[in-house]
Amino acid sequence: MFHVDWFWLFILGVSVAGVVSGIIRSADREKTIRAAIDKGVALDPATLEALRNAAANPPSNPRFGLLVGSIMTFAVGCGLMLLGYFIGMDETTSNSLHPLLGVGALLWCISLGLFVASRFAPAPRTP
């Protein structure tokens, strides 16, 4: 019988969505450049290359990314601790409370590390 592994289908869907998103962004950027040329705006090759590079490699803010990761990891840790509490309320699965509390605490420690790293990450450069 055919067995569907939903996890790998999800990973495939996320990957395909990322590729399609990149293609759509690239097409929109090129359409904007073509519209500017059609309106008679003079774009030299250096300006075109700068526009393409800026759109392909947007400036990143490592502090923001680390802070968002910290908040999300903290929330997942809280959720796993709550999951352990509610699963532990059942007498048949009461031994699952402590492992999930430990995993949640581990995620809190990771979250703390990400938060501290966000404070020490270099500030984004402004052009």
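Reader: What is the relative accessible area of Y85?

Author: Residues are sorted by relative accessible area: buried is under 20%, exposed is over 50%, and partly exposed lies in between (1.4 Å probe, protein chains only). Y85 has a relative accessible area of 46%, so Y85 is partly exposed. F86 counts as exposed, because its relative accessibility is 52%. This is a predicted model, in which local features need pLDDT of at least 70 and side-chain atom pairs count only at pLDDT 80 or more, while totals for chains, interfaces and linings use all residues. Residues are numbered from 1 along each chain as its sequence is written, and side-chain values use heavy atoms, with hydrogens and water left out.

Reader: How many helices and strands are in the protein chain?

Author: Helices (H or I, at least four residues) and strands (E, at least two) are DSSP runs, numbered from the N terminus. The protein chain has four helices and zero strands, and its pattern along the sequence is α-α-α-α.

Reader: Which residues of α3 are buried, and what do they pack against?

Author: The buried residues are G69, S70, T73, G77, M81 and G84. They pack against α4 (97-120). Let us take one example. S70 lies in helix α3 and counts as buried because its relative accessibility is 5%. Contact means heavy atoms within 4.5 Å. Leaving aside neighbours within four places in sequence, S70 is in contact with S111, L114 and F115.

Reader: Which residues are in contact with I33, leaving aside its neighbours within four places in sequence?

Author: They are L43, L48, L51 and R52. I33 is found in helix α1 (residues 6-38), and its relative accessible area of 7% makes it buried. I33 and L51 are 18 residues apart along the chain, and their C-alpha atoms are separated by 8.7 Å.

Reader: How many aromatic pairs are there?

Author: A pair of aromatic rings is described by the distance of the centres and the angle of the planes. Rings of Phe, Tyr and Trp (its six-membered ring) pair if their centres lie within 6.5 Å; planes under 30 degrees apart count as stacked, over 60 as edge-to-face and the rest as tilted. By this rule there are two aromatic pairs. The rings of F74 and W108 are stacked, because their centres are 5.2 Å apart and their planes are at 15°. This pair links distant parts of the chain, with F74 in helix α3 and W108 in helix α4, 34 residues apart. F74 is partly exposed, with a relative accessible area of 40%, and W108 is partly exposed at 35% relative accessibility. Y85 and F86 form an edge-to-face aromatic pair, with 5.3 Å from centre to centre and 70° between the planes.

Reader: How many disulfides does a search of the whole structure find?

Author: A disulfide is a covalent bond between the sulfur atoms of two cysteines. Here it is taken as a pair of cysteine sulfur atoms within 2.5 Å, and the search finds zero. As for individual cysteines, C78 is partly exposed, with a relative accessible area of 26%, whereas C109 is exposed, with 55%.

Reader: What percentage of the residues of the protein chain count as buried?

Author: Of its 127 residues, 13% count as buried.
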